[in-house]
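Here is a short note to read with the structure open beside you. Take the points in order and find each one on screen.

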Amino acid sequence: MKRAAAWGIPAAACLILYWPGLMAWFAQDDFAWLGLRLSIHSWPDFWSALFAPKAQGTIRPLSERLFFLAGERLFGLEAFGFRTVVFTTQLLNLWLLTRLVERWTGSVWAGMWTALFWTANSALAQAMSWTSAYNQILWPCLLLAALHCRTGWLRDGSPRARWGEWLFFLLGFGALELNVIYPALALAVTLVLAPRRWLEGAPLLAVSAAYAALHRTLATPGGGRVYELHIDGSMITTLGRYLRMATGIWRQEFRPEWSQWLDAAEIAAAMGLAAALGLLALRREKWGAVGALWFLAALSPVLPLREHITDYYLTVPVMGLALAAGIATARHPLLALAPACAYLAGSAAVARETVEYNYERSQLARTLVLGVRQAAAAHPGKILLLTGVSSDQYWAGVNDNPFRLLPGVEAFLAPGAEENIEKHPELGDPARFVLPAPAAVRAVSTGKALVYSTAGPRLRNVTAIWKGIAAERWKGDLAAVVDVGQPLLAGQLLEGWHAIEEGFRWMSEHGRLRLAAPGAAREIFVRAFRSPEETGRGDVEMRVFVNGLEAGRAMLAAGQGSLDFAAPLPASLDRSAPLEVELRVSPPLVEPGDGGRRLGLALGTAGVR
Amino acid sequence: MRRLTLLLAFCAILIPGCKKSGPVQYVEEGVSQLSSAVNVSDPKAAVQLLRGFHDIEQNAWRWTAGKFSVALRAPAGASASGAKLFVQFTLPEAILAKIPSTTLTATISGKQLEPQTFDKPGEHRYEREVPASLLQGEVINIDFALDKYLEAGVADQRELGVIVTVIGFQPPQAAPAAPAK
């Protein structure tokens, strides 16, 4: 009964605190992960989808790839299924943590307090309300399971526990790369429980080192400056920031009117934590030191990321501090009462704010995506143009292209819709979802497209209004940017083009197209591809002519998949007249057999900007 | 085993408790109409905010960028008698702390209306008579420009102009009734 209460109290607190997270829908990266299955057409694709490094150089086959692939198969776009898995894993985490601390300290209540302090920390809020952050919930589950096994092995010498630890340790790499720090935690536990056996952790360390080396070789972090590693004095400053954030109460971006209460709670919590660590040190309670080491070890891999400080990285490190605070609170409940209450109230307030924000953000995406699905079902075969899209809505629900998850749906931003959206070039360009004005106007006026406003709680059909506005605003016939795979823009293609194939077209050796008058545009750009399967052609040269004047040339080397060409427009151009662009590619790729096509390059977009 | 059963029982209670009732309607078809005055916080007006408007804040207003445009319906009778264009906005002290004043200009069909300079914090109303010759179509696109505003990154990640609440046309005033003899 006591044990059930020790787990039940933090579990209930977790459910109450993060309840909006259980009800949250998808947002942002979730759509990219949900679309992973679309890239799988064969077994090699499947293995690549599971293990090829993705954004920021991450490889998380269990917590991201397999989780979303299986979840999408089981639940489709029903986020509740995913959220239930996340919450169930977290409830399991709380049980594992409660029991582990009890096994270490002999106190059921130390386990209860540790689990309660951990789950109430606002560092968990992101993971508890955003499905893409499941890695932060699954990894502690595997980590705690491995530590249970280590504890069993050190105490009883059970070979099953030994193999169990290896299993969970290795699985941990599938959840999060930070699992490399596990040998440090295992060593700390060994030093407390069986100090003479400390060397037996060496094989774990060897595996971690090998994984770190392999990961560094295979995965190149993307994301630019934000993910640059700074192994220098700035790590101390970064640690200071994380230490302050570890109370779960201080967040630079969250300063409500009543922030003086939060400041007071933060001071009380920080003093309480320092007192707990001091008290445990004085009493030579080794688990206090394990908690402090846990915090530092779990945080150490992210300390070089000084441009990417985020509370989400504290999810597992704060478990160490919760351990120290939990033990101290169980030993001296009366002394700990005030700081514990201050911490729980302050951190829970911040956590709730984050969870509610993520919930609201996900609802914006839900209205948008499911609205598009319903509108498409009501008007089969029609193109849907979206206008009135807010910045929050775009970045939560459009930027990761959720519409590709809806079979048969063709949805774009209406021309001009991108102009009210905040720019975040590091995340993407809304313009890539815009159907160019001439194509949009033509599609709406011929009844092929409908326009919906996404502002408000429902999508509203505003085709009639938009038609009137568009007729005033976009009078030209030509688009400045042509997606050559878009049938509605086929009128701008002159000779030298083959039929559309899955969003692109092959051009022959020469391809010509027309673009709108450049006005103030400065450069011409072309995005082209070559087939990864082609052999024997070698390097390919593309020359770009504008109104007969050569604007530039570029090489697409053998083995190079795509080319992003950009060059200044010739100075002598008449900027008020439409442009005629010619692309010349050599050598061509000749398809085998009689009448095989002569192919230049596959084109995505061409335009002026 | 008992604990696992407890956990599963817990989840079994949780899941049915969270089931939704009936399909949710995410789309509204109906007929919508262009307005001659827009409250920028009204979601129905969003289609008329052509560019330069940031997201709604406090369910009441929006920041603009340095340039912003709206589409309005010409009010009844405006094609014969003209109409009055108005913009209700607030110029916060935070903006005036960085720029001494800002001048707002409206342009319709390439014709610039008389600009007005604002240098005091608080609520303002920009009003200009628009001649009938500029109000001949059904849809009137109006471009606004501020000569000074805060560039993105100065006070916020966004470019900030003024805080707008309403933009619209006032219909031409009815001719006063002839006095009774």
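1. **Polar contacts between the chains.** Chain A and chain B share twelve residue pairs in polar contact, both residues of a pair being at pLDDT 80 or more. That cut-off matters here, because this is a predicted model and side-chain atom pairs count only at pLDDT 80 or more. The elements of chain A that each supply at least two residues to the side touching chain B include α1 (2–23), α5 (79–105) and α15 (333–378).

2. How do the residues of chain A that touch chain B divide? There are 19 nonpolar, 17 polar and ten charged residues. Even so, how many salt bridges does the rule find across the interface of chain A and chain B? The number is zero.

3. **Extent of the interface.** On chain A, 46 residues are in contact with 36 residues of chain B. The two chains bury about 3800 Å² between them. Of this area, 61% is on carbon and sulfur atoms. Three residues deserve a look: A:N420, A:R460 and A:I465. They supply 17% of the area that chain A buries against chain B, more than any other three residues.

4. Follow the strands in order: β2(A), β1(A), β3(A), β4(A), β1(B). These five strands form an open sheet with mixed pairing. Which strands are at the edges? They are β2 (410–413) of chain A and β1 of chain B, each pairing on one side only.

5. **Where the chains join in the sheet.** Strand β4(A) pairs with β1 of chain B, residues 27–28, in the parallel sense over two bridges. Look for A:L459, whose bridge partner in β1(B) is B:V27. Toward β3(A), the pairing of β4(A) is antiparallel, again over two bridges. There A:S453 stands opposite A:R460 of β4(A). A:R460 is also one of the three residues named in point 3 for their share of the buried area.

6. **A helix across the sheet.** Helix α15(A) lies across β1 (383–387), β2, β3 and β4 of chain A, and across β1 of chain B as well. It runs at about 145° to β1(A).

7. **A second sheet, in chain A.** Here four strands form an open sheet in the order β8-β13-β10-β11, with antiparallel pairing. The edge strands are β8 (510–515) and β11 (549–556), each pairing on one side only. From one strand to the next, the twist averages 20°.

8. Strand β10, residues 540–546 of chain A, pairs with β11(A) in the antiparallel sense over seven bridges. A:E541 has A:M555 as its bridge partner. A:F545 stands opposite A:E550.

9. **Salt bridges.** The structure holds 30 salt bridges over all chains. One to find is A:R99 with A:E102, where the closest N and O atoms are 2.9 Å apart. Why can such side chains pair? Side chains of opposite charge can do so when their charged atoms come close. Both A:R99 and A:E102 lie in helix α5 of chain A, three residues apart, about one turn of the helix.

Conventions. Residues numbered from 1 in each chain as written. Chains lettered and ligands numbered in written order. Predicted model: local features only at pLDDT ≥ 70, side-chain atom pairs only at ≥ 80, totals over all residues. Heavy atoms only, no water. Contact = heavy atoms within 4.5 Å. Buried area = accessible area lost by both parts, 1.4 Å probe. Salt bridge = Lys/Arg side-chain N within 4 Å of Asp/Glu carboxyl O. Polar contact = N/O pair within 3.5 Å; in protein donor to acceptor, adjacent residues only side chain to side chain. Nonpolar A, V, L, I, M, F, W, Y, C, P; charged D, E, K, R; others polar. Pairing = 2+ DSSP bridges. Axes fitted to C-alpha atoms, helices over the stretch in contact; angles between N-to-C directions.
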